[in-house]
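Hello,

Here is the structure we talked about. My notes follow below it.

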Amino acid sequence: MVRMSAEERRESVVRAAMSEFARGGYHGTSTEAIAKRVGVSQPYLFRLFPNKQAIFLAAAIRCTEEIRDLFASVSDGLSGEAAKEAMADAYSRLIAEEPERLQMQMQVSLAVAAAEAAGDHEFGVRVRATWMDLYDTLRIPLGGDARVVADFLAHGMLINTLSAMGFPMSHRIWEGLAPSAEAERRAQG
């Protein structure tokens, strides 16, 4: 049996935490559930991370970084409308294929709002820094126009909301919103 290094185990915890927090949110997810999913004890979990908030923060940052990396990858060598369409299509596929990704994003928004309301501003600062990195990554292929980036992100938030509400991609509400939904409807005739 090959033993995992602490870094490999830490990675396993982040992945498990993304799944658990996506479903249960910050307050509805126990560190016991995360430890069980990874196959470690809670004390070991807390040797890897100082507390539950640190685990959530690592999962939140990872989720955003992976979306940022996806956008950078699919828009590489593209610009303007071509980059925008490539990123929108990739994101639509991602949330359709990995709904936990969408759920995690929604949980992050709720957790930041709750932390800020409770006076914990450091948590929000860290999450917002990751989102600013995503924003800056989008600016380059979208031509540097802040309004275009804002429209792209606003469009994405609408997609997130409709997906979270459970509208299937074949529903008419998606008309004109998601490239994948358009292609799916055309294929269905």
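A pocket here is an open set of points on a 1 Å grid over the protein atoms alone, where a 1.4 Å probe fits, with protein on both sides within 12 Å along at least five of seven lines. Lining residues have an atom within 4 Å of a point. Volume is the space filled by probe spheres set on the points.

This is a predicted model: local features need pLDDT of at least 70, side-chain atom pairs count only at pLDDT 80 or more, and totals for chains, interfaces and linings use all residues. Numbering runs from 1 along each chain as its sequence is written, and side-chain values use heavy atoms, without hydrogens and water.

The largest pocket holds about 270 Å³. It has 16 lining residues; Arg10, Phe49, Ala54, Leu57 and Ala58 are the closest to its centre. Helix 1 (6–28) and helix 4 (52–75) each give two or more residues to the lining. Helix 4 gives the largest share, seven residues. Helices are DSSP runs (H or I, at least four residues), numbered from the N terminus.

Now helix 7. Phe123, Gly124, Val127, Thr130, Leu134, Tyr135, Thr137 and Leu138 are buried there (under 20% relative accessible area, 1.4 Å probe, protein chains only). The buried residues fall within an arc of 160 degrees, so they line one face of helix 7 (the arc uses directions from the helix axis to the C-beta atoms). They pack against helix 4, helix 5 (80–97), helix 6 (99–117) and helix 8 (146–164) (contact: heavy atoms within 4.5 Å).

Last, arginine 101, in helix 6. Its relative accessibility is 11%, so arginine 101 counts as buried. Leaving out residues up to four places away in sequence, arginine 101 touches Arg15, Met18, Cys63, Glu66, Ile67 and Leu94.

Best wishes

Methods:
Buried < 20%, exposed > 50% of the residue type's maximum accessible area, 1.4 Å probe, protein only.
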